[in-house]
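Grab the model and a viewer, and let's work through some helix packing together. Try each exercise yourself before you read the solution.

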Amino acid sequence: MLETKLQTLLAVIEHQNFTHAARALSMTQPAVSHHIKQLEQEIGAPIFVRGKTGLILTDQGEIVVKYARRLKALDAKMYRELQNAEKHLTALRIGITHTSESNMIPTVLAKCCQQHSGLNITVVTDTIKNLYEMLENYELDLAIVEGSVNVTRFSSMMLDTDYLMCVMSNDNPLSKNAVVTLAQLKKEPMILRLPTSATRMLFESALESSNDSIANISVTLEVDNIATIKDLVRKDLGVSILPRSACLDELRSKKLTALPVENLSMARETRVVYNRDFSHVDILQEITMLYQKEIRLYH
């Protein structure tokens with residue numbers, strides 16, 4: 001059971017107000033203040049300072065909140081696993097990126113549940129940064145992300161190698177080419193992911209490696225949702241740079257065309273990332289096997 005003082009702290013963080021936190025916890029406001037004061041005495045440092053916009057965490061407060069969240073997640077995970085052991089179930093929370101949400105990963109996870117008796121998977125979609133944070137706090141069991149994993153506290157397994165490609169309507173004259181040049185790309189209206197997305201950052205990095213810049217590209221629309229981008233591209237309202245894995249169904253059914261961009265190296269790994277104490281190695285192997293089986297259908 002998570003210590004009451006830490007529960008109070010997390011409620012204050014959530015509501016950014018002692019009074020609102022007290023109401024949510026069915027406590028008095030002085031009791032909330034007392035819990036925070038006790039925590040501050042225990043760590044020997046203030047947790048909050050009051051700024052113009054409200055409560056601000058100190059450096060020590062940031063540390064306490066980070067571990068309080070991790071303890072809360074571990075507490076919930078312990079009770080879930082106890083309940084599942086009694087029912088002979090395995091429940092996993094798997095985080096995926098928006099790119100993975102648009103490719104075959106959800107299908108693979110669904111088939112894994114279908115073939116693995118007693119397995120239940122909850123899928124959470126978020127940015128790579130947030131997925132890593134949730135993984136570290138044990139709010140997730142696995143994360144499927146794009147790009148190399150430089151976080152030494154995690155273990156990882158490569159699932160695939162993916163490539164960013166120029167995706168366009170079959171009606172676009174460029175679709176008859178074997179490759180798209182940068183000069184041709186600069187003449188096209190482009191519909192891109194947001195600048196904070198891993199896909200966009202890899203594209204911009206590739207441009208810079210070729211002594212070019214996103215400033216020389218005609219970005220007419222920025223959209224976070226990959227399905228929306230594909231729909232707009234299919235209507236010939238622009239071209240995009242997307243992972244090939246996110247367009248497999250459309251390429252297979254010939255609804256879109258995807259071509260490499262000349263002189264731009266935009267390859268990246270897709271990896272399954274997990275904490276070192278993750279115990280369901282058999283499920284990791286099954287996800288990998290099902291993914292490889294599924295990907296062969298598109299070659």
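This is a predicted model: local features need pLDDT of at least 70, side-chain atom pairs count only at pLDDT 80 or more; totals for chains, interfaces and linings use all residues.

Residues are numbered from 1 along each chain as its sequence is written, and side-chain values use heavy atoms, with hydrogens and water left out.

**Exercise 1.** Work out how the axes of α1 and α3 cross, and which residues make the contact.

*Solution.* Start with the general idea: two packed helices are described by the angle between their axes and the distance between the axes.

Step 1: the axes of α1 (residues 4-15) and α3 (residues 29-43) come within 9 Å and cross at roughly 110°. Axes here are lines fitted to C-alpha atoms over the stretch in contact, with angles from 0 to 180 degrees between N-to-C directions.

Step 2: so α1 is roughly perpendicular to α3 (65 to 115 degrees; under 35 is roughly parallel, over 145 roughly antiparallel, the rest oblique).

Step 3: list the contact (heavy atoms within 4.5 Å). From α1 come T4, K5, L6, T8, L9 and V12, and from α3 come V32, H35, I36, Q38, L39 and E42.

Step 4: sort by class, and you get six nonpolar, four polar and two charged residues.

**Exercise 2.** Find the buried residues of α10 and say what covers them.

*Solution.* Step 1: in α10 (residues 226-234), I226, I229, K230, L232 and V233 are buried, that is, under 20% relative accessible area with a 1.4 Å probe, protein chains only.

Step 1: look down the axis. These residues cover an arc of only 165°, so they sit on the same side of α10; the arc is that of the directions from the helix axis to the C-beta atoms.

Step 2: now see what lies over them. The cover includes the helices α5 (98-101) and α11 (248-252), plus the strands β6 (154-168), β7 (190-192), β8 (219-222) and β9 (240-243).

Methods. Helices (H or I, at least four residues) and strands (E, at least two) are DSSP runs, numbered from the N terminus. Ala, Val, Leu, Ile, Met, Phe, Trp, Tyr, Cys and Pro count as nonpolar, Asp, Glu, Lys and Arg as charged, and the others, Gly among them, as polar. Buried means under 20% relative accessible area, exposed over 50%, partly exposed in between (1.4 Å probe, protein chains only).
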